[in-house]
Amino acid sequence: MKVMITTNATLFKKYRDKLPESIVEELEEKTKGMNAKDIKRIAEQVLAEYIANQIQPGEAVGTIAAQSIGEPGTQMTMRTFHYAGVAELAVPQGLPRLIEIVDLRRKPSMPIMEIHLEPELRADKERVIEFAEKIEDVSLTEFATIEENFEDKEINVILKEDVLVEHGIKLEDAVRKLEKEVRRKAKKVEGNTIIFKPGFATLSSLRRFTERILETRLCGIKDIKKAVVLQEPDGSGWFIKTDGTNLKDILKLDGIDASRVISNDIREIYETLGVEAARNAIIKEAKEVLDTQGLKVNPRHVMLVADVMCYKGEPEPIGRQGISGSKSSVLARAAFEETVKHLHTASIRGHEDKLKGVTENIIVGQPVPVGTGRVKLGMKG
Amino acid sequence: MKGETTKKIDSIEFGILDPDTIRKMSQIRVVIPDTYDEDGYPIEGGLMDLHMGVIDPGLRCKTCGGRMATCPGHFGHIELVRPVIHIGYIKMIYSLLKTTCRSCGRLLLPTDQIQTYKKLITESGELPEEQELDVISQAKKVSKCPHCGKKQEKIKLIKPMTFYEGERRLLPSDIRRRMELIPDKDLRLLGIDPKKARPEWAILTVLPVPPVTARPSITLETGERSEDDLTHKLVDILRINQRLRDNISAGAPQLIIEDLWDLLQYHVTTYFNNEVSGIPPARHRSGRPLKTLAQRLKGKEGRFRYNLSGKRVNFSARTVISPDPNISINEVGVPREIAEELTVPEEITEWNINHAKDYIKRTEYPRAIYLIRPDGRRKKITDMNREEILQELAPGYVIERQLKDDDIVLFNRQPSLHRVSMMCHLVKVLPGRTFRLHPAVCKPYNADFDGDEMNMHVLQTEEAKAEALTLMLVQNQIISPRYGAPIIKGDEDIVSGGYLLTKKGTAFDKRIAEKILIKAGIKKMPSPDIGNNYSGKLLFSMLLPSTLNLEYRSLLCRDCEKCVGSKCPYDAYVKIKRGKLVSGVIDKVSLQGILLDTIFRQYGPEEAKEFLNKSTRLLLASTMHQGFSVSVEDTRISKEAQQEIKAIIADARQEVNRIIKDYNEGRLKKLPGKTLRETMEDMIMAILGKARKDAGDVAANYLSDYNPIIIMSRVGARGSLLNVTQMSAMVGQQAVRGKRIMRGYRNKSLPYFKEGEMGIEARGFVSSSFMEGLTPTEYFFHAMGGREALVDKGIRTAKSGYMQRRLVNALQDIVARKDGTVRDSDDVIVQYKYGEDGTDPMKCHGDYAVRLETKTYVEEKDRDEINIEDEGDDYD
């Protein structure tokens, strides 16, 4: 048996350079227990098919990718989808979400995070719930009622003790935190009432101070509006799904499985994890939209779109603020959007259109440098 | 045509025209603000001066001597008495005024800093964007010139186009003088190329007048002339220019001169762009805003998108389409009328000269219409000159003959959302007045026959034909580049036919079997397999290549715990051995998926084409013999089934009422992340959803396996279980905005409900089926849901259209290169290897580069479930 394994290893070695890793692995897996001759025959066939399936030089892969993602757009739903039954969050899906992804919106209309915890934590539902409560961003509004005493220019913050207990916050901690946030010492604390006398002369500034107090976050992580606990699909325990994202701060927490913390905010992913992560996020999010709509799109198309959005080193949206607006060709930009603006800047800067793209050549009436348009014939001698 | 040298444009430079060039380009100085005299003759020195080209038949251009058809038009110019700002460059001027010295014209940065920045200039001659912004923002803040020491006053731009320095107004002439002072070397740092765009050129002293051919006047039926918007604007400019000149020479007060100057500025501004914010648009007498230069260029109907990116063509035809399963998938039925009108050029060589003469001799349909001599002159072939032409004909001539069978054309249906929206077909001239196409190619074109029209383009060169034939021919497009599975495939009746033919027990006697086979063009007769009769499976096997071996599960598969293979009791296990269908039923999975896919990949496009052609004909022929029809009665379910469904509804109602009661009495528990009300709604929706599903199952159970509707939905021909449910069992909950219907009146949906009533009827639950008929309230709720779906569809098309346009625009220059990389038009690498493994999605097996085992083909998730409301009968 041992002999066979070694021969197979050398057998596959030859194909490792010529075939993608995943195929070789699959091949190894599927040919287990076969004899070397058969394996070789199969491997040769696989290699031949792989080579035959290569893309042809000159193929307009960009256009095909764009069409493959755009065309099913008409078949997508517009409605935001509410998961039926259990506590789940409304996720924009279908076309609106896809547009959001290619637009690279600063904040998705429904920012969501999935936080998976370390294995030992994950199994214990109580602890996961506890964790979820800890990260929920709760402002003072939920903890307290506020009374403004305009006569004495004082503000009374009456803390609700039961809510404090529910979130596991001690009264003195709350006071300290509040004082720190508003950068004022409380005048005095009477039971569960904190009295501030900020010493403002005008009522409007007092009002503004009240707003500040109300916005103060007593516990949790900024922007995590809600955290719900759900069962892991593989049944290995529970995980947290949040309304609102804050990748940077969540990643700093202990007890999380950092490799499985997912945000659906691509900009945020870029800012915290870099452009490669952003590219992968675009692929993942776009693929997810297409899959849930039941539309089959080869992942290669999605990958190309993601790569085009990211190849300049920083994610760029698809459209006039992004790829289309930063093209080198003046005519291509002018023909897309903001025609007059592009013509004027081109003239000031003395730009030259080298006519290397598709639109430019269509405009001047020449063959486009794509496919058979790229092939040139010369005469010898 | 031959021997023509083709010129290739390498590049196009952009810049600002300088006054000298404008004067040099100009053929005439325009002074008179008028167009034609009383006799309708262009006034000399006027805006329609003959030096600028001709638009009237019979006249000659005074510059080139050409006539209307040959003279391209020439520029003229207007000498402006006072300079005016070009509105498009206002931002540049503003920035320059702020960043350069008010007195010596130098960039307001110390010399050493200028030097450091200069070193950063890239080979393109520009600073990187960031540094450029740095230069501008730094220089803006300087209050004392580091070069001449002069104090810098603040420059203000009062939008849209007046500049102030402190309190003093800067007139365009002052600004121009300042621009002149700025040295070339400093301009580079500010993002200006001084060779192509000296900033003073942005303040116009002389205005080019475009050729009359670019602004032709039109003659109305009344004989009245109507001038182009640009001409109108130029008349205004000339008039004010003249008044200003008169006032200056008459020594009018400065105030009046400035007013006229501003007026001139206004006219020149609106001449360039009539949509500048803050300036009232210049209007036509009728009140319509004038369409001036910027408006001509921009937008969907502007020069760039309408005329430059989109070209108009000849040799094309358009008409309504209709189906014809008897032609090949790669053919298109062309009406005789169209075939007679369109032509194909044929070059005469010594080998085809006699063949060409035949066309010329003919006076009836496939005849030659034009003759093109080697010098390019074309002549119409008539009865008068036919003999002459036959004598003259020699190699090197070209004839244009009428379209005939097997000519190569492109066929297209808008919107062209993907590349299979335009494919190459072969002409088949047929009687009738519609284009005929094979039903299997409907899917890629997204065509139906409810009035759709399509376009046909006749290819005119051999190169184009060869390219279309290899790259765009229908059978080469059977596999979709989007998902690597067939997109050209038989559907609906063909799929039903597949099931009816191959299901157990279908057999025909010899006479009928012959009839069916001959319809499919199969002339070989197999030997009977059931006594003297021929089984359906046997007939179907005649379509398969004789070496084909395949095993898979059909759509009928019930995922039994233990699969018994070809002994499947439901006949769901398809086994093809040496081209014979041994077991299993042919359904959607076969006809649209794995079987077609395998034939294409193993035997090539031609074989796949033949399979599609023959299977369509065979299956339609066999279906016609067996008969397959649907009546309203087929949706009726038995009394027992109705009782069961009633019970389901009653149960659901009870449960819902219980939840409502719980809610009202505060016993309902809130779900995390939802309000109490939402929790209740969710629970109700879930119950009602389940009720509909249960009712559907009951109906499907009670309907017989021979029910045509059931057959169609099971084998994947048309419709889903949902459709069956709605027709036979119940329509179910109607939703607006994804919720039960809440809108209408205050706290109620329709007047005859109680306020706050939350029961199932009051919120749009339709418990009737389409068969039973809906109650008035149900009908109304259904209409509400339907309306929403309709509106939704409308905005969706608009939104996805724009997204598609942006995607295509962003990605169109991305090409797979010879070295395996993927690059953009500037040769910047986007991917080192296309899709990381370099495989073509069209050749992929689904998502996999190489398929290592035969898997059951999984069809695109039942789209019918999602888009049930979209299947309206829309007329194009």
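**Strand pairing and chain contacts in a predicted model**

Guide: In this predicted model, A:Asp353 stands opposite B:Ile12, a residue of β1(B).

Visitor: What makes strand β11 of chain A and strand β1 of chain B a pair?

Guide: Pairing requires at least two bridges found by DSSP. Strand β11 (residues 352-353) of chain A and strand β1 (residues 12-13) of chain B have two bridges, in the antiparallel sense, and therefore count as paired.

Visitor: How do you know that β5(A) and β6 of chain A pair?

Guide: Three bridges join β5(A) to strand β6 (residues 193-196) in the antiparallel sense. The cut-off is at least two, so the two strands pair. A:Lys188 has A:Ile195 in β6(A) as its bridge partner.

Visitor: In which order do the four strands of the open sheet in chain A stand?

Guide: The order is β3-β4-β6-β5, with antiparallel pairing.

Visitor: Why is one side of β3 and of β5 in chain A left without a neighbour in the sheet?

Guide: β3 (144-149) and β5 (188-190) of chain A each have a single partner strand, so they stand at the edges. From one strand to the next, the twist averages 20 degrees.

Visitor: What lies across β3 and β4 of chain A?

Guide: Helix α11 (residues 203-215) of chain A does, running at about 170 degrees to β3(A).

Visitor: How many residues of chain A are in contact with chain B?

Guide: There are 89, and they meet 90 residues of chain B; contact here means C-beta atoms within 7 Å. Helix α4 (residues 61-70) gives the most to this side of chain A, namely ten residues. By class, the side comprises 45 nonpolar, 29 polar and 15 charged residues.

Key. Residues numbered from 1 in each chain as written. Chains lettered and ligands numbered in written order. Predicted model: local features only at pLDDT ≥ 70, side-chain atom pairs only at ≥ 80, totals over all residues. Axes fitted to C-alpha atoms, helices over the stretch in contact; angles between N-to-C directions. Contact = placed C-beta atoms within 7 Å. Nonpolar A, V, L, I, M, F, W, Y, C, P; charged D, E, K, R; others polar.
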